[in-house]
Amino acid sequence: MTETRRGPIRAAVPLIAAAALAVLVTGCGADADRDGDGRPESAGRAALAADAGTGATPDKARIAENVKSALEVRISTGEGRFGSGTHSPCASSSPKMFTEECGEAADYTREAARFALDEIDGRSGFATLGTTARKLDKAAATYRDLGCAKTPAVADARKACLDPAAVVAQGFSDLRDGANLGLAGK
């Protein structure tokens, strides 16, 4: 089969379109796309802004999908960096539970939880995600407040760290489940 000069360009068009869509969904792009807090503008807020500009009523399913997509970027990044569940440095079976590595995982997980709370603020249909994110935010803060990342020597202090560390270890999976339930309006 003879290939014309346009063949490779036409083949690349779907890849370019997919990359452009990923940039729009995740909010990555120029500094003009930032909220002023150093994070990319969220896809959910971008969708609402687009709807406000056209006078259209926001489609709940589309908003839920945008929230899920924007949150998934953070979840996937966190899982890639820290692991999740039994692979998390905060898992009760992990020798890293009382180290700064778990502390960093707690901080990142808390950031993802707060992002979720910012995204769903004032919106109905995200009860599970809201409950999960608040629980995760509190657990990560408790882990830091107790000094769990500084290898506490006292047995009672170490015991107090177990529950918040376990919540953090499971945090990415729980946030993902909450976002998925948000698609069903729960």
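I count a residue as buried when its relative accessible area is under 20%. The model I examined is predicted.

**Entry 1: the chain as a whole.** I applied that cut-off to the protein chain and found that buried residues make up 37% of its 186 residues. I then looked up the secondary structure: the chain has seven helices and zero strands, which read along the sequence as α-α-α-α-α-α-α. For the contacts with a separation of 6 or more, I noted that 65% join residues 24 or more positions apart. The chain exposes about 10500 Å², and carbon and sulfur atoms supply 57% of that area.

**Entry 2: helix 6.** I took helix 6, residues 155-169, and compared its span with expectation. Its 15 residues reach 21 Å from the first C-alpha to the last, close to the 21 Å expected at 1.5 Å a residue. I recorded a bend of about 30° at Leu162 in this helix, with Pro164 following within four residues. The buried residues I listed for helix 6 are Cys161, Pro164, Ala165, Val168 and Ala169. I next asked which helices the buried residues of helix 6 pack against. They are helix 4 (100-120), helix 5 (127-145) and helix 7 (171-183).

**Entry 3: Ser88.** I located Ser88 in the loop between helix 3 (60-82) and helix 4. Is Ser88 buried or exposed? Its relative accessible area is 4%, under the 20% cut-off, and therefore I class Ser88 as buried. The Ser88 side chain reaches the backbone nitrogen of Cys90 at 3.0 Å. Leaving aside residues up to four places away in sequence, I found that Ser88 touches Phe82, Gly83, Ser94 and Ala169.

Definitions and conventions
Residues are numbered from 1 along each chain as its sequence is written. This is a predicted model: local features need pLDDT of at least 70, side-chain atom pairs count only at pLDDT 80 or more; totals for chains, interfaces and linings use all residues. Side-chain values use heavy atoms; hydrogens and water are left out. Helices (H or I, at least four residues) and strands (E, at least two) are DSSP runs, numbered from the N terminus. The expected span of a helix is 1.5 Å times one less than its number of residues. The bend at a residue is the angle between axes fitted to the seven residues ending there and the seven starting there. Buried means under 20% relative accessible area, exposed over 50%, partly exposed in between (1.4 Å probe, protein chains only). Contact means heavy atoms within 4.5 Å. A polar contact is a pair of N or O atoms within 3.5 Å; within protein, one must be able to donate a hydrogen and the other to accept it, and residues adjacent in sequence count only if both atoms are side-chain atoms. Accessible areas come from the Shrake-Rupley method with a 1.4 Å probe; for residues, only the protein chains shown count as cover.
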